[in-house]
Amino acid sequence: MTVRVHGRNMQVPEDIKTFAEGRVEHAGRIFNDGGPVDVEFSEMTNPRIDEKYTVEITSHVAGHIVRIEADAGDERSALDTAADKYERQLRRLKERLIQRNRAANKDLNHPEQGSDVVSDRGVGIVRTKRFVMKPMTPEEAVLQLEMLGHDFFFFLDAESDKHCVVYHRRDGNVGLIEPE
């Protein structure tokens with residue numbers, strides 16, 4: 001497992017980097033695929049915010065993207081919270097994969113390349129992402145939605161060969177939007 005620790009708008013001390021690598025490697029023992037893990041520390045400068053440190057852990061595991069974010073008053077607490085969430089998310093993913101009795105690891109929506117593009121037309125598009133759209137079932141799309149922690153997920157339905165969206169509803173359920 002390759003762990004990359006870095007800071008956004010801050011320098012991460014060496015002892016915190018070493019601690020982060022150990023915690024993330026310990027949490028990542030659930031999947032032994034050795035994929036890269038990105039650990040990003042950021043610090044808020046607003047004095048009114050009690051939880052001024054944020055840790056974000058992102059990894060590609062078993063064809064899925066797992067992203068965790070945690071806030072706390074100091075770096076170690078934020079890292080502990082994030083590492084615990086990361087381990088729970090990996091356990092949950094592994095249990096779901098086992099329950100589905102998947103014979104082969106399907107390549108799901110992996111970002112081909114992500115680029116920040118600033119539009120000079122003044123339209124307001126601040127970021128463009130490009131993905132390889134691999135066909136998947138709505139159930140797999142819901143799993144990706146939960147693993148990423150996003151509000152919606154755009155995918156190509158394997159059964160109908162149409163582009164669809166799954167999203168979190170206000171009542172806590174998941175909705176599916178598909179074209180006619």
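Reader: Which side chain does R23 meet in a salt bridge?

Author: Keep in mind that this is a predicted model. R23 lies in helix α1 and its partner sits in helix α2, so the pair ties together parts that are 61 residues apart in sequence. The N to O distance is 2.8 Å, and the partner of R23 is D84.

Reader: Is R23 buried, exposed or partly exposed?

Author: Buried would need under 20% relative accessible area, and exposed would need over 50%. R23 comes out at 23% relative accessibility, so R23 counts as partly exposed.

Reader: And D84, is that one buried, exposed or partly exposed?

Author: The same cut-offs apply: under 20% for buried, over 50% for exposed. D84 has a relative accessible area of 36%, so the label is partly exposed.

Reader: How far apart are the closest N and O atoms of E43 and K52?

Author: A salt bridge needs the side-chain nitrogen within 4 Å of a carboxyl oxygen. E43 is partly exposed at 27% relative accessibility, and K52 is partly exposed with a relative accessible area of 28%. E43 does form a salt bridge with K52, and their closest N and O atoms are apart by 3.3 Å.

Reader: Does the end-to-end distance of helix α2 agree or disagree with the span it should have?

Author: Helix α2 covers residues 75-100, which makes 26 residues. At 1.5 Å a residue they should span 38 Å. The end C-alpha atoms are 37 Å apart, so the two values agree.

Reader: What do the buried residues of α2 pack against?

Author: The buried residues of α2 include L79, A82, Y86, L90 and L93. Residues three or four places apart in an α-helix point the same way, because there are 3.6 residues a turn. The packing partners of those buried residues are α1 (14-27), β2 (36-43), β3 (53-61), β4 (64-72) and α3.

Reader: Which are the edge strands of the open sheet of four strands?

Author: The order is β7-β8-β9-β10, with mixed pairing. An edge strand pairs on one side only, and that holds for β7 (135-136) and β10 (174-177).

Reader: At about what angle does helix α3 run to β8?

Author: Helix α3 (residues 138-148) lies across β7, β8, β9 and β10. Its angle to β8 (152-157) is about 150°.

Methods:
Residues numbered from 1 in each chain as written. Predicted model: local features only at pLDDT ≥ 70, side-chain atom pairs only at ≥ 80, totals over all residues. Heavy atoms only, no water. Pairing = 2+ DSSP bridges. Helix = DSSP H or I, 4+ residues; strand = E, 2+ residues; numbered from the N terminus. Contact = heavy atoms within 4.5 Å. Axes fitted to C-alpha atoms, helices over the stretch in contact; angles between N-to-C directions. Expected span 1.5 Å × (residues − 1). Buried < 20%, exposed > 50% of the residue type's maximum accessible area, 1.4 Å probe, protein only.
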